[in-house]
Amino acid sequence: MFAKIGLAITFSPTGKALLKEAVRLQKLFDSQLVLIHVGEKNSETEKLLDETIENAGIYKNQLETIWEQGDPANTIINCSKDAKIDLLVAGALEKESLVKYYRDSISRKIMRELQTSSLILKNPSEQPVSFKKFCVSADYSPQCEKTISAAFHFALKENAEEFVIIKNFYVPGITLTIQEGGSPKEIDSMIEQLKNEEEEKMKLFVNELNLQGLDIKIVCIYGKEGWEDSNYARTNASDIFAVTSPEKKMRFLDRLFPHEIEYSFETLPTNLLIIK
Amino acid sequence: MQLAAEQITTFLLSISIMLFLAKLLGELFSKFNQPAIIGEILAGILLGPTVFGMISPESFQWLFPQHGEVKIALDSFTTVAVILLLLISGLEVDLSVVLSQGKKAISTSFMGLVVPFILGFGVSYFFPQLMGIGGDSSKFVFALFMGTALSISALPVIAKTLMDLNIFKTRIGFIIIAAAMLNDLFGWLIFSIILGLMGTNKHGFSFEQTLVFTITFVLFVLSIGKKIINKIIPWIQTKISFPGGILNFILILGFLGAAFTEFIGIHAIFGAFIVGIAIGDSVHLKENTRQIIHQFVSNIFAPLFFVSIGLRVNFIANFDIVIVLTILILAFAGKVIGCGFGAYWSGLNKNESLVVGFGMNSRGAMEIILGILALQAGLIHEEVFVGLVIMALFTSISSAPLMSYFLKEKDKTKFKNLVKEKFVIFSNESEKEKVISQLVEAASVELKINKENILNEVMKRENILPTGIANYLAVPHAKIKIKEPFIGIAINKNGINFEASDGLPSKIIVLLLTPENNNELQLQLLAEIVLKFKEKDKVEKLLMYEERSEFCEELKKVSL
């Protein structure tokens, strides 16, 4: 499924934990592991990396290491593309400061611009455990079929206990109808009707994917698209929140007026699996 | 200065009468599926100089004095009303929707601003006599205003129309609402700049200073301001009583924003509108909070404001047919051509573009607010104001039927429009593949596609997971290279095993073919079909028909 897993590695306590998480995933998927380190390569840094690798319980010859210098985010993005990585593992803070958020931090830039799938870990652990609760943000696009399938097979490998598919829908401006004689009752009934339709459509959509081996729960939520599903993953204490990578590049305006996936980039609800 | 007891009595009496008649006529118009605002304005016309003032001038002067303290009190009340109206309109302007709709919304909105603006400005500047004004120095600002007045749209009317036509959550619905949101933001911004140009500022700021303050205010409120608001709202909702706490917070911020923009020389409503956008953007603002504040403003303050319009102007004395017709023609031409072309260029077909054009043509309350502010600021005279009100009402009333006409023409995404008598067959086959083959044969002729290709795709899907649903229904389906969906129905009274969940044999087999790469259309039609057949007794009734025409007629009648 993910034949080549990449890891953006640093020499920090988080870096060690991330390496252990990546090694667990490498074993889970039986894949090749590639470490990407942005920084100067000298005897000291090489020694540090060797120690980190040794501490993670793997042999140096079991993985490939890429050393590159330059802007960290761009270097990681380009290396992942060149090395044909299938899944990049990286760590990120749950939330950046306001200034950093608007300026685009390294981890957020990777999430927004990476041209391959990625797994962004919020709290990587030096004693990693398998992910048990999966949550997928879904729409009806062909790309989302891929996201649901990838997350489902990941969940199967992890022997997950819960697999939830969320369809978040929203009707902007609906409350304005009150100004024109509409009533809250009318609005509520329209939302309820749409919810039933969405549930029916999502059931059919999932049926078409013919996924076997795990119970699938479908949840339809009304509210701002991208926020409500991300909030569900947070409050439901999901281990993984899977989303489809944005079709177009997310820019400053998308950060100024967040929508859809940008809500999850702004504040990580949990570990984020972004499928390209 | 203080109101005397008698003046307070007059003030309260006039408000009671205004509210009563506005509600009465507003409800009456709503009953006939017309905008309530027409009834509310009519209430004002009946109570104002046009009717009541004409019949009994003394009683009119006593109840609605045109000078003095009571008039000031009433004006203050309506100023608060209009600020609140713009505050709640701002609450529903979601700029992220514009971003998610991308090019289609931006192109529609841009053209919907530019074309009416050029038409409005051009005609008013070069042919001012059509608007009843002479060639004086204020011609330029007047023309700027007319351009803006024709560019603005009315979000509430548009939202209600989309709801009534049941197209709110469709591709066209999203484009219209997103384009209208962007349109309004820029419309109000331009109008504020015009007010700045007029030099209405009483605090000594130059036009350039006002412009800088305005832009800084907008950028601050829509970036840092809205982040702070988003942090405060959850705290208020948990710590302070609901809904009082949050309503109080929204009103405080709205009035503060309004006070600031009034101070810098642009109208108070702009501040309220921008603050409304920032508050409405919060993911923590609950849907019922929005509904409560909308009800509060729409049922109390909005009617008072619209009645007050009729109290100010004599609609008969100021009715000028040339001005009314000029404004009406410019309004229709500007929006329908502008938005229609904008939508067409962004990839919509001709019919869809016309739906967008007529949808965006509603002006409603926003136009009237803009008009009354311009009248108060001395930008326009009463004849033009009357023309704008008539245009606002006429565009709002005509929008839904015109949209509906063009929607009906070619909506090939609805099950009922796809069911055709010639593609309904009565079959006696006993095998799944054979009955599907019969349906595919009809499809092959209609779609001019090789029968084997279609059959392969349908059977491939059927073999992965059988398509028997329940209640005697099966929906074999596939996505193939076609532009529009196809539906064929086979009625097999003996039934065939499609492995339905209820174990019943399938007696109605609906073949559904949809275009490739359009999952949503396939799912929408599948869901529609499943919901149509959810009641077993209705399906059994359908199976009793022996004639294709009767079957189709009954099938179309079955509600979802």
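Modeller: Helix 9 of chain B is mostly covered, with 9 of its 10 residues buried. The model is predicted, so local features need pLDDT of at least 70 and side-chain atom pairs count only at pLDDT 80 or more, while totals for chains, interfaces and linings use all residues. Residues are numbered from 1 along each chain as its sequence is written, with chains lettered from A and ligands numbered from 1 in the order in which they are written.

Biologist: Which residues of helix 9 of chain B are called buried?

Modeller: They are Leu155(B), Pro156(B), Val157(B), Ile158(B), Ala159(B), Lys160(B), Thr161(B), Leu162(B) and Met163(B). Buried means that 20 or more other C-beta atoms lie within 10 Å of the residue's own; 12 or fewer is exposed, in between is partly exposed, and C-beta atoms are placed from the backbone. "Helix" here is a DSSP run (H or I, at least four residues), "strand" is another (E, at least two), and both are numbered from the N terminus. Just after helix 9 of chain B, Asn166(B) has a positive phi of about 60 degrees.

Biologist: Why is Pro172(A) called buried?

Modeller: Pro172(A) has 27 other C-beta atoms within 10 Å, and the label asks for 20 or more, so Pro172(A) counts as buried. Pro172(A) sits in the loop between strand 7 (162-169) and helix 7 (184-209) of chain A.

Biologist: What is Pro172(A) in contact with, leaving aside its neighbours within four places in sequence?

Modeller: Asp94(B), Val97(B) and Ile177(B). Contact means that the C-beta atoms of two residues, placed from the backbone, lie within 7 Å.

Biologist: How many residues are in contact between chain A and chain B?

Modeller: 40 residues of chain B with 36 residues of chain A. On the chain B side, helix 22 (519-532) is among the helices that each supply at least two residues, and helix 22 of chain B gives the largest share, 8 residues. That side divides into 21 nonpolar, 12 polar and 7 charged. Ala, Val, Leu, Ile, Met, Phe, Trp, Tyr, Cys and Pro count as nonpolar, Asp, Glu, Lys and Arg as charged, and the others, Gly among them, as polar.

Biologist: What makes strand 6 (residues 133-137) and strand 7 of chain A a pair?

Modeller: Pairing takes at least two DSSP bridges between two strands. Strand 6 and strand 7 of chain A have 5 bridges, in the parallel sense, so they pass as a pair. Cys135(A) has Val164(A) as its bridge partner in strand 7 of chain A. Strand 7 of chain A also pairs in the parallel sense with strand 8 (residues 217-222) of chain A, over 6 bridges, and there Val164(A) has Lys217(A) as bridge partner.

Biologist: Which hand does the crossover from strand 7 to strand 8 of chain A have?

Modeller: The chain goes through helix 7 of chain A, and this β-α-β crossover is right-handed. Right-handed means that, with the strands pointing away from the viewer, the path from the first strand over the helix to the second runs clockwise.

Biologist: Why is strand 1 (residues 4-8) of chain A said to be largely enclosed?

Modeller: Because 4 of the 5 residues of strand 1 of chain A are buried, the rest of the structure largely encloses this strand. Strand 1 of chain A runs parallel to strand 2 (residues 32-38) of chain A, and 5 bridges join them.
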